[in-house]
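Please read the following note with the sequence and the model open beside you. The points are numbered so that each can be checked in turn.

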Amino acid sequence: APSSPPLPGGSPSCRRDRTAGDRSPSCGTESRSISAESPGCCRRAAGFPAERCRTSPSSPAATPSLLLTVWTLLTSALARSSLLCSSSGLRGLHVTAACCKNRAARIRIGKGNKPLTYEQALHPHHIGHRKGWLSQHTSNLKGEDGAADRTVEDVFIRRFMFGTFHGFLANEIVLKRRGNVLIVCAIMLQKMLPQKFYFLIGYSESLLSHLYKCPVKLEIQTLVDKAVYKYI
Amino acid sequence: MAAPGRHVGHYIQRNGRFLLCNIDQVLGHRSFGCTTAVRQQAAEANKESAESIVIPRKKTWSKEAVLEALASTVGRDSTAYSYQFQDDPYLSPRTAVEFKLYSLSQESGRSAAKYFVNSNPKFFTKDFAEPHIPCLMPETVSLCLEEVSEEALKERINLRKVTAAVDMYDQLVQAGTAVSLETTHGLLDLISLYCDRDPVEDEGPQTEDTESKDPKKKKGNYRRASDFLKFSWKENNNAERIFNLLPERDTRCYSALIRGMVKHGAYAKAFSMYTDMLNNRLTADVHIFNALISAAPEVREKYNEKWELITELLKQMNEQKIRPNLLTFNYVLKALRRCGFLAKTQSLHTLSEMKALGIAPTLASYDHVLAVFHRSGSSGPNGVDILQEVVAELAETNFTCQDPHDVMFFANAIRVCLDNKDLELAYKVHSLIEFGENYRLLGDPFHQSVYYGRFFNLLCMMEHVDVVLKWYKRIIPSLYYPNPQGMKDLLQALDTDSRLDLLPSIWKDIKSFGHDNKPDVVEDLLSLMTRDNHSAEVQESFAACALDIKSAFDLNLTSRLEWTNSSLSHVTMLLLRANQTKSAWEMLPLFKSNNRVPSDDLMNSFLSLCHTDGTSQKAVELVQMSAAFCLPTTPQLAKRALAEFDLTEEQRAILSELEAAGGEPSD
């Protein structure tokens, strides 16, 4: 299964565009100050890229005074709850709907000098259409069990290969399970002498076999450079 | 990346049904093989479009047709490298050196992993394999029992710790604890096997049987210095000491001692121990007799004495009612190799004895018999008849290795064929190997290369060059990396059948095998290319090859290649013939820098070249150069130059001077 970590559950308002600086543990709240002069519009907080700002659901015909009283009530109530109160004092209030943006496995565009492989360039919704699967096993079929165990093994094997062949992997590892055998397919760069490759291959195969009590085979292909699909 | 499966499957499902529907309509029936039949007919129809097409009404296939078709696709891929390597051009070994290097580095990676597993067993003990796989569990390599007990002794014996086991035994005896007979047997076996020394800790892959007789092998076999220090049985070592201290000794104790003595070279002692045993009225067992028979040729000098000793032992074996096994007979045959004139008759008797007892002779037995009948280097048909009978007997059988000596059979068999120049027999021997899984009996990579080297040698000598090239593509380099001698054989085969146009591609292969730094191979190649004149495009390719060879000389990484007279001349001639004048002129200074002298033909051809180009200045320089080399043809060259070229006054003066100067001594 492709890696797509489940988003922290909760109301849609919890899903925020997470910028680099935003690491708040609660449902990402940002300080938003609603100016009394412009009740209907929302203000973009600093650091947010282009978002679709939706106006507040309240009708523009509402009187400012009513809105003001509602607001003061809310803030006083919120100020009392210690969970949502922070240094700025105005957290925890959302007046626009959240922008449900997907960030999983997507590399954001830059200046045009960042090379991307095919795997990195295509987003997860292309899996099954333009991309294949990186881990192939039958545990996700109906009536089969062990999917969680296989996933944990996959994560370990990916980290193991990433560490053992540090700096040599040109692309993601593909794991195939056929019967008892676990086949680890990797594309590597030709930065090392072949005998050093073979040393690491023999070591990895043997260690992984002993760890998982099944035959583990490595199928390596080598490239001179990483295969660039496009530049972002 | 894996293709999106659903997408492809969908496509096939849609279109496949379409195809099948169409074909069903065409043929009007729905047999299982109809689609393949139609495709085959279509293919045939395309080929014979000129002739009239007759489409049969119906084609029937046997029940196993599909299986046979599938089976025909599975065979040995002759272009693939050995399975232990990764299927990638960067990671495939091109030379024999690389083969050894990569397989050894892979093996060392595995032993590194094994070391980690064994030193941290707690991470690898979780066992979720059903059924249990013992070889993937960590092994205990360190001792856990420290107290003085029989259990601790058994543990040390299992872990092959010789000195520790002996110490533990001594402690036990001093403490007065009785050690069981089983454990004592185990201890004696251990000490005798390892000659009272701890086995080497890091045992790398054993490339050679350390008791092999032929020390002359050098290629592909990096012997460690320790291989040459064979352990010899010392006087009164621990095994003997413990043996003498035993209260009662039984057959197994004697057996351990005798076999250890024979293994480590104390032959006479082994025999004396055997007589001791007989004096104590014990019966021997089959292993003791095997050991003694293999030691018999060492303790007697003359052929008939050796044989008498062996027959004596066999008679005693019979008296003690011990049944001989395969190894007994194999050791008898092996001993017969050193019995001279007696061997021929006796070996055949031995074979018939084996058959009478119902023990099938293995490859090792046949190898010994073959060695008895074949004298390397002698004329006349030696060993061919025997080999033909052996091959006929062994055809279509699956071999298993029952004797460590089995792996020597094929190399020796092909040597018999090579010495007798018998190609048919060689093909039959090769068919034995290609049957089933018998290729495993070729032994380690070294023996395999010896076999294929001899086989290829025979092919190059006897077969037509097309067949040679077919075999060349088949066995090289997937099964055999040719050595320089092999390449020279191939060049000779090409010469015999005048396929010299293939020489440039052979040069490419020579480079990839790493033989481009062997002077004799390069010289052979160059002289073959230069010897005759060929057509224009062949000359072009030769010239390109010559430039490549020149760059190999210039590169000269291992500094084994040196320009010689012949190589320089050949390269220059080839360049001249292909009209690569500029490169040819660049070659001339190399003569001077390498202290070599160009030949007369070369100078004459250069002069003709100047004549066609019309460069008279160069012609004069050429004659001056030849004078500098003190070549005897200088006056002729000068005369020619004067005659053929329009020269200025100065040039005429120089040339006539050279002509005169050279002319005087010759008068």
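**Notes on the model**

1. The place of B:Pro131 is in the loop that runs between helix H4 (96-119) and helix H5 (150-158) of chain B, where helices (H or I, at least four residues) and strands (E, at least two) are DSSP runs numbered from the N terminus. A cis peptide bond, with omega about -5°, joins B:Glu130 to B:Pro131.

2. Before going further, note that this is a predicted model, in which local features need pLDDT of at least 70 and side-chain atom pairs count only at pLDDT 80 or more, while totals for chains, interfaces and linings use all residues. Residues are numbered from 1 along each chain as its sequence is written, chains are lettered from A and ligands numbered from 1 in the order in which they are written, and side-chain values use heavy atoms, with hydrogens and water left out.

3. Another cis peptide bond runs from B:Ile476 to B:Pro477, with omega near -5°, and B:Pro477 is placed in the loop between helix H21 (465-475) and helix H22 (484-496) of chain B. In chain A, A:Lys213 has a positive phi of about 55° although it is not a glycine, and this residue sits in the loop between H4 and E5 of chain A. These points deserve a look, because most residues other than glycine have a negative phi, and most peptide bonds are trans.

4. How many residues does each chain bring to the contact? Chain A gives 31 residues and chain B gives 31 residues, contact meaning heavy atoms within 4.5 Å. Between them the two chains bury about 2,800 Å², 66% of it on carbon and sulfur atoms; buried area is the accessible area (1.4 Å probe) that two parts lose on being put together, summed over both. A:Tyr198, A:His210 and A:Lys213 supply 31% of the area that chain A buries against chain B, more than any other three residues.

5. Between chain A and chain B there are zero salt bridges, a salt bridge being a side-chain nitrogen of Lys or Arg within 4 Å of a carboxyl oxygen of Asp or Glu. On the side of chain A that touches chain B, helix H4 (194-212) and strand E5 (216-223) of chain A each supply at least two residues, and the largest share, 15 residues, comes from H4(A).

6. Over all chains, the structure holds 21 salt bridges. In one of them the side chains of B:Arg252 and B:Asp189 meet at 2.6 Å, N to O. This pair links distant parts of the chain, since B:Arg252 lies in helix H10 (residues 251-263) of chain B and B:Asp189 in helix H7 (residues 181-194) of chain B, 63 residues apart.

7. In the model, residues 250-284 of chain B are 74% helix and 0% strand, with end C-alpha atoms 9 Å apart, while residues 325-361 of chain B are 70% helix and 0% strand, with end C-alpha atoms 11 Å apart.
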